[in-house]
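Morning, everyone. Please have the sequence and the model open side by side. I'll keep this short.

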Amino acid sequence: MTTNRLEAFSDGVLAIIITIMVLELKVPHGSDFETLIPLFPKFLSYLFSFIYVGIYWNNHHHLFQAIEKVNGKVLLANLGLLFWLSLLPFVTGWMGENHFAENTVALYGFVLLMCALSFLFLEKSAIKHEGEESNIGQALANRWKERISTTGYFSGIVLAFFYPIASIVIFYSIALLWLMPDQRIEKRLNQKST
């Protein structure tokens with residue numbers, strides 16, 4: 001099977017996730033700028049999650065540029081990723097509503113960890129389906145970013161119960177690591193075309 005339907009469905013789900021998150025930002029009553037101040041924690045948590053969804057969309061796109069075909073296991077792995085990403089609006093809203101309280105940040109970190117593990121499982125499913133010598137297998141042979149990310153998420157979850165703002169810093173340091181599309185895939189595809 002080709003990847004077209006999977007990519008289109010995934011793009012639609014990610015667009016809905018972003019839409020749901022922005023709908024959590026309720027318009028305040030009043031026209032003074034001061035009425036926006038109580039929305040700042042919600043806006044900040046929305047901004048953080050928007051960046052994360054954008055990173056996943058970008059890297060998902062790059063991943064499927066290297067994948068030539070999918071099977072049932074890849075489809076299920078992709079659904080697992082979309083499930084965890086679909087929880088971002090809930091944990092984003094809860095965290096913003098409660099001004100980055102300990103439990104809310106810990107749950108947010110847990111969802112981010114599960115998104116990362118789901119993406120890793122999707123990569124592994126694709127490599128298993130296409131083989132270690134495929135474009136995707138060769139591109140993702142080195143997994144240092146994945147190891148740093150999962151360790152950081154786990155540390156941030158534990159730390160959230162004591163210093164939630166430090167956890168937020170960890171989570172968004174990880175986001176900076178992934179902000180640029182995965183260069184390993186681009187390099188591999190450029191090598192193949194030359």
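Start with lysine 42. Its relative accessibility is 22%, so lysine 42 counts as partly exposed; the cut-off for buried is under 20%. Remember that this is a predicted model.

What does the lysine 42 side chain meet in a salt bridge? Its partner is glutamate 97, with N to O at 2.8 Å. Glutamate 97 has 47% relative accessibility, so it too is partly exposed. The structure holds one salt bridge, and this pair links distant parts of the chain. Lysine 42 sits in helix α2, glutamate 97 in helix α4, residues 88-97. The two are 55 residues apart.

Stay with α2, which runs over residues 40-66. Now bring in α3, residues 72-86. Their axes come within 13 Å and cross at roughly 170°. Parallel or antiparallel? Over 145 degrees counts as roughly antiparallel, so that is how α2 and α3 lie to each other.

Who touches whom? From α2 we have Tyr56, His60 and Phe64. From α3 come Val74, Asn78, Leu81 and Leu85. By type, the contact has five nonpolar residues, two polar and no charged.

Last, the record. An unreviewed UniProt entry annotates "transmembrane region" at residues 6-23, 35-55, 75-93, 105-122 and 153-179. Take two of those against the model. Residues 6-23 are 100% helix and 0% strand, with end C-alpha atoms 26 Å apart. Residues 35-55 come out at 76% helix and 0% strand. There the end C-alpha atoms are 31 Å apart.

That's my part. Over to you.

How values were computed. Residues are numbered from 1 along each chain as its sequence is written. This is a predicted model: local features need pLDDT of at least 70, side-chain atom pairs count only at pLDDT 80 or more; totals for chains, interfaces and linings use all residues. Side-chain values use heavy atoms; hydrogens and water are left out. Axes are lines fitted to C-alpha atoms, for helices over the stretch in contact, and angles run from 0 to 180 degrees between N-to-C directions. Helices (H or I, at least four residues) and strands (E, at least two) are DSSP runs, numbered from the N terminus. Angles under 35 degrees count as roughly parallel, over 145 as roughly antiparallel, 65 to 115 as roughly perpendicular and the rest as oblique. Contact means heavy atoms within 4.5 Å. Ala, Val, Leu, Ile, Met, Phe, Trp, Tyr, Cys and Pro count as nonpolar, Asp, Glu, Lys and Arg as charged, and the others, Gly among them, as polar. A salt bridge is a side-chain nitrogen of Lys or Arg within 4 Å of a carboxyl oxygen of Asp or Glu. Buried means under 20% relative accessible area, exposed over 50%, partly exposed in between (1.4 Å probe, protein chains only). UniProt positions are given in the numbering used here, feature names are shortened, and annotations may be inferred rather than shown by experiment.
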